[in-house]
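Here is a short report on a predicted model. Have the sequence and the 3D view open as you read.

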Amino acid sequence: MSEKIDIEKVPFRKLYTGAVMPAMGLGTFGSDKYSPDQISEAVYGAVKAGYRMLDCASVYQNESQIGEVLERLFSEKIVSRKEMFITSKVWNDQHREVKKACSKSLSDLKLSYIDLYFVHWPFPNYHAPGCDGDSRNPDSKPFSVEEFMDTWKQCEELVDAGIVRAIGMSNMTVSKLEKVLPLCRIKPAALEMECHPSFQQQELFDYAVSHEIIPIGFCPIGSPSRPERDRTSEDVADTELEEVLTVAKNHDIHPAVVCLKWAVQRGMCPIPFSVKQPQYISNLKCTTQDPLTDEEMELLKKAERNCRLVKGQVFLWPGAEDWTQLWE
């Protein structure tokens with residue numbers, strides 16, 4: 001029998017809409033390594049253990065299997081729909097057909113509404129799932145405020161229709177946010193961003209918080225299972241950083257747990273992915289006990305190495321020189 005966490009002790013984040021979201025979610029991107037059935041079974045076990053936030057996306061290619069698991073969880077009365085906070089995302093090739101994309105996710109997830117729906121990337125540059133890092137689409141283009149706002153207005157219409165409770169942005173930069181936020185009729189409630197001790201994105205984090213936008217952190221432990229296309233020789237392993245190891249030794253815990261505690265206490269909602277029961281239980285349980293000290297939080301600020309892991313080079317357009325242009 002799996003261990004059950006006291007979910008009343010899990011911290012939460014309150015969106016500007018008034019909705020409440022757990023401060024720890026379960027990521028579901030693992031299609032490069034795990035099958036949809038493996039991931040959906042992990043979802044079942046995680047929800048039974050106490051998870052109430054799932055981060056989904058159409059491009060993860062497992063929403064239909066997760067939908068079957070959600071239906072099972074609801075029918076077995078393990079959890080009710082209103083107790084869950086479920087996200088999804090429109091993929092790059094459907095920026096002109098957002099309602100169609102959202103309707104497909106709703107159907108696959110077997111839901112009547114999605115709590116938070118993201119624009120996955122801020123441009124419609126498409127690549128096939130699982131492609132290698134050298135793949136390029138000749139139709140890719142630089143970020144366009146006009147094209148992005150066309151997509152965003154379609155997301156706003158989803159809120160108007162009641163099939164989405166809130167909308168969010170992902171993989172943005174401060175300069176992009178400065179251009180689009182004044183144009184939004186419905187502002188984003190959350191921002192998904194890569195964030196871990198070696199890549200803290202303090203400026204972006206502070207900008208989001210100052211605009212009442214909840215930061216949701218992906219790759220919160222440095223994504224040791226990320227696809228090969230997202231790896232370079234310069235990458236840093238967060239769980240091997242001196243600062244992280246020092247704190248882990250202080251608490252006699254795994255370095256990965258340090259990364260998650262740091263994220264939650266900083267004010268983020270990390271969304272670690274794991275199909276292994278001991279790991280996903282430990283990930284959630286760590287938010288309920290043995291907090292890091294103020295001194296340890298200060299020490300972990302020094303772990304910053306400006307190490308972006310998900311560089312997005314497959315989205316580059318013809319003539320672009322390198323991946324840093326995606327993040328301008």
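Which residues of strand β6 (residues 116–119) are buried, and on which side does each lie? Leu116 and Phe118 sit on one side. Tyr117 and Val119 sit on the other. All four are buried, so both faces of the strand are covered. In a regular strand the side chains alternate between the two faces of the sheet.

With β5 (85–90), β6 runs parallel, and four bridges join the two. With strand β7 (residues 167–170), β6 pairs in the parallel sense over three bridges. Here Val119 stands opposite Met169 of β7.

Helix α3 (residues 98–109) belongs to this part of the fold as well. Together, β5, α3 and β6 make a β-α-β unit, and the unit is right-handed.

Lys77 lies in the loop between α2 (63–75) and β5. Is Lys77 buried or exposed? Its relative accessibility is 73%, so Lys77 counts as exposed; the cut-off for that class is over 50%. Ile66 is eleven residues from Lys77 along the chain. The C-alpha atoms of the two residues are separated by 16 Å.

## Cysteines

How many disulfides does the whole structure hold? The search finds zero. A disulfide is a covalent bond between the sulfur atoms of two cysteines. The cut-off used here is a sulfur pair within 2.5 Å.

Take Cys155. Its closest cysteine sulfur is in Cys102, 8.2 Å away, which is too far for a bond. Cys155 is also buried, with a relative accessible area of 0%. Cys286 is a second case. The closest cysteine sulfur to Cys286 belongs to Cys259, at 10 Å, and that is again too far for a bond. Cys286 has 6% relative accessibility and therefore counts as buried.

## The second largest pocket

Rolling a probe the size of a water molecule over the atoms shows where empty space is left. The second largest pocket holds about 480 Å³ of space. Its lining has 24 residues. Val20, Met21, Pro22, Arg52 and Glu83 lie nearest the centre.

Which strand gives the most to this lining? Strand β2 (residues 20–22) does, with three residues. By class, the lining of this pocket has 16 nonpolar, two polar and six charged residues.

## Enclosed cavities

The count comes to two cavities of 30 Å³ or more. The largest cavity has about 50 Å³ of space. Strand β8 (residues 190–194) supplies the largest share of its lining, three residues. Among the lining residues are Glu192, Met193 and Glu194, along with Asn171, Arg308 and Trp327. The lining of the largest cavity divides into six nonpolar, two polar and three charged residues.

The second largest cavity has about 30 Å³ of space. Which residues line the second largest cavity? They are His95, Arg96, Pro122, Phe123, Pro124, Ser144, Glu147, Phe148 and Thr151. Four of these are nonpolar, three are polar and two are charged.

Key: Residues are numbered from 1 along each chain as its sequence is written. This is a predicted model: local features need pLDDT of at least 70, side-chain atom pairs count only at pLDDT 80 or more; totals for chains, interfaces and linings use all residues. Side-chain values use heavy atoms; hydrogens and water are left out. Buried means under 20% relative accessible area, exposed over 50%, partly exposed in between (1.4 Å probe, protein chains only). Two strands pair if DSSP finds at least two bridges between them. A crossover is right-handed if, with the strands pointing away from the viewer, the path from the first strand over the helix to the second runs clockwise. On a 1 Å grid over the protein atoms alone, a cavity is a set of points where a 1.4 Å probe fits but cannot get out, and a pocket is an open set with protein on both sides within 12 Å along at least five of seven lines; lining residues have an atom within 4 Å of a point. Grid points are joined across faces, edges and corners, and a volume is the space filled by probe spheres set on the points. Ala, Val, Leu, Ile, Met, Phe, Trp, Tyr, Cys and Pro count as nonpolar, Asp, Glu, Lys and Arg as charged, and the others, Gly among them, as polar.
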